[in-house]
Amino acid sequence: MAKTLPKRDVVIMGLGWTGSILAQELTQAGLRVVAIERGPWRDTATDFNIAYMQDELRYAIRKDLFLKPSVEAMTMRNDVSQTALPMRDYGSFLPGNGVGGAGVHWNGYTWRYYPSDFECKSHHIKRYGAKKIADLQLQDWGVTFDEIEHCYDRFEYLCGTSGKAGVIKGQVQPGGNPFEGSRSRDYPTPPLTMPYSSTLFAEAARNLGLHPFPAPSSNLSQAYINPLGVRIGQCTYCGFCERFGCGNYSKASAQTTILPVLMRNPNFELRTDSEVLKINLHPDGKTAKSVTYIDDAGTECEQPADIVLLCGYGLMNVRMMFLSGIGQPYDPKTGKGVVGRNYCYQTGGGGAQMIFDDKKFNPFVGAGALSTSAHDFNADAFDHSNLDFVGGATIGSGESNGRPITNRPTPPGTPRWGSKWKDATAKTYGRVMGIGGSGSSYPIRGNYLDLDPTYTDRHGRPLLRITFDFPDNDIRMQQWVSKQCEKIARTLNPKILTVGAVRKDWNSVPYGTTHNTGGAVMGADPATSAVNKYLQSWDVSNVFSVGASAFPQNAAQNPTGTVGMLAYWTAEAIRDRYMKAPGRLM
Ligand SMILES: Cc1cc2nc3c(=O)[nH]c(=O)nc-3n(C[C@H](O)[C@H](O)[C@H](O)COP(=O)(O)OP(=O)(O)OC[C@H]3O[C@@H](n4cnc5c(N)ncnc54)[C@H](O)[C@@H]3O)c2cc1C
Ligand code: SF4
């Protein structure tokens, strides 16, 4: 029998990006908040120490900071005709584990989505007609960009994001992204200093009439004190960023932006090494009364609360809704049901790799989000009327790292081991530049999440099953964008130019991105969304599911700017609306 603990106002599952933002906002509003985090406590001085953080084998290859499948695995298949099998190791994406979540070891790209992304379905129908998107299950978000712009601003100023605005109060700014939605002010800090490869890309893109600009980065170009009074350091371009914690206090994360303040707040309590197993509902099923979790001593506890916030990363939020019976599960045969619906990922592949004899790059001078980008082929910045797809991709070039194990480019045809391989890696190191990016991922009826009928976790609960393959629309899009990358690359006259293949058959082994979206999407219609525009469950009114699970489809840009924005948006809704009149907000 579970040990019942004293009631709190709010219980949060997971203390990563979204959990920390909501805990900070709601404790500030006077609520007593407890966060239950599955992984360990983590802090910069004790866990990302600069003396040992550059251990590539430990962190990048053996993935020391990530979720282990022995704690929670998932099963995967490409379509319903296949039997899903468990992932024995996380590869394609790498969920976080521990305080700070995946925000500890992210790269730091901090994008906004476009106004048209939030009205994806209606925008496309208006511009191209319904037939153009007939194969896709596109949906509007239920909010507009103008409604939520101030929440993007709050996340960027929390992080100290380094960038150059493209449009401020309707005025296009030289050097920024002219396609972005109008913002209220510039980024809090100026862009990072760009490396040689990014500068070459910018010149080549500009010569072709494109609009390159420095990608917004939460690896900070200069020291910054955020609105909570927390000081973030200047990035040293150390190159041990993605997959590593930052030992230099320069990458925005919960640790470097919020926790120094939150942990001192007497309204806040954190329980680490504790895993939420279930949300318990009142008998009418319309509200939650508590969560059940296993604490660090292995004791089963029940934590009652007035509000339950799912902040466990999108995929885990969806699984928790299934396990707790919140919302009707999605059925791909009928297209009915909402939990599990519109699972999307990020379309990758393609892009151009160049090897030069006459150019030398210093890839070891890098940072997680150091690149020049161009969005001329992104979203609906270009006319799709005569193209056989919708959506688009960011393209760009930058240096994230020159690490000794993983950064060993070789020309095509080089053996994969032995003295020839050694010679080739020595000659090619520092001579390579790439142009590529990430593409939008649009929903189709057959891509979805549910509970696996066979495989269970260490507590005997069904694993999450992912049924996904890249839709034809997205493959055509990425092939087309790859050709644009090739055109830019040719103008740089490399000695060797290779263009990557764009393929179907998603598989869980090679790394793609940790940008899993959908499954508990937001919207204005309870028939097609699991949560409303405030990320409140339509069915269980005191449960909010916060994260990329709420995205009805995925845009090309990395998600966390939008995830952080939604956390502020939800906090605002709870503070200004729900607390005044608890119950359904819509
Ligand atoms: C290598 C890598 C690079 C990335 N780079 C970028 C980038 O450049 N730009 C970008 O936009 N995004 C990037 N991302 C994605 C980004 O990290 C995530 O979007 C972001 O962290 C999501 O925030 P979240 O709060 O939803 O989840 P997280 O930050 O992951 O936090 C979720 C927390 O919940 C905990 N949890 C889960 N289940 C339970 C449970 N049952 N009980 C208790 N606790 C639980 C987890 O342990 C975790 O700490 C990257 C991710 C990775 C892995
Ligand atoms: S590149 Fe910069 S932000 Fe990233 S880990 Fe190194 S110092 Fe930190």
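Strand 2 and strand 3 (residues 33-36) run parallel and are joined by 4 bridges. Met 13 sits opposite Ile 36 of strand 3. From strand 2 the chain passes through helix 1 to strand 3, a β-α-β crossover that is right-handed; that means the path from the first strand over the helix to the second goes clockwise, with the strands pointing away from the viewer. Helices here are DSSP runs (H or I, at least four residues), as are strands (E, at least two), numbered from the N terminus. Strands count as paired if DSSP finds at least two bridges between them.

Some bookkeeping: this is a predicted model, where local features need pLDDT of at least 70 and side-chain atom pairs count only at pLDDT 80 or more, while totals for chains, interfaces and linings use all residues. Residues are numbered from 1 along each chain as its sequence is written, and chains are lettered from A and ligands numbered from 1 in the order in which they are written.

Strand 2 (residues 8-13) also runs parallel to strand 14 (residues 300-310), with 5 bridges. There, Val 11 has Val 308 as its bridge partner.

Is Glu 25 buried or exposed? Glu 25 is buried because it has 21 C-beta neighbours inside 10 Å (the cut-off is 20 or more other C-beta atoms within 10 Å, with C-beta atoms placed from the backbone). Beyond its neighbours within four places in sequence, Glu 25 contacts Ala 571 and Arg 575, a contact being C-beta atoms within 7 Å. Arg 575 is 550 residues away along the chain, yet its C-alpha atom lies 8.4 Å from that of Glu 25.

Now the ligands. A residue joins a shell if its C-beta atom, placed from the backbone, lies within 6 Å of the molecule.

| Ligand | Shell | Closest residues |
|---|---|---|
| Ligand 1 | 40 residues | Gly 14, Gly 16, Gly 101, Asn 107, Thr 560 |
| Ligand 2 | 14 residues | Asn 219, Cys 235, Cys 238, Cys 241, Cys 246 |

Helix 1 turns up again around ligand 1: along with strand 12 (275-281) and helix 13 (560-578), helix 1 gives two or more residues to that shell. By class, the ligand 1 shell has 16 nonpolar, 19 polar and 5 charged residues, and the ligand 2 shell has 8 nonpolar, 5 polar and 1 charged. Nonpolar covers Ala, Val, Leu, Ile, Met, Phe, Trp, Tyr, Cys and Pro; charged covers Asp, Glu, Lys and Arg; the others, Gly among them, are polar.

How values were computed
A residue is buried if 20 or more other C-beta atoms lie within 10 Å of its own, exposed if 12 or fewer, and partly exposed in between; C-beta atoms are placed from the backbone. Two residues are in contact if their C-beta atoms, placed from the backbone, lie within 7 Å.
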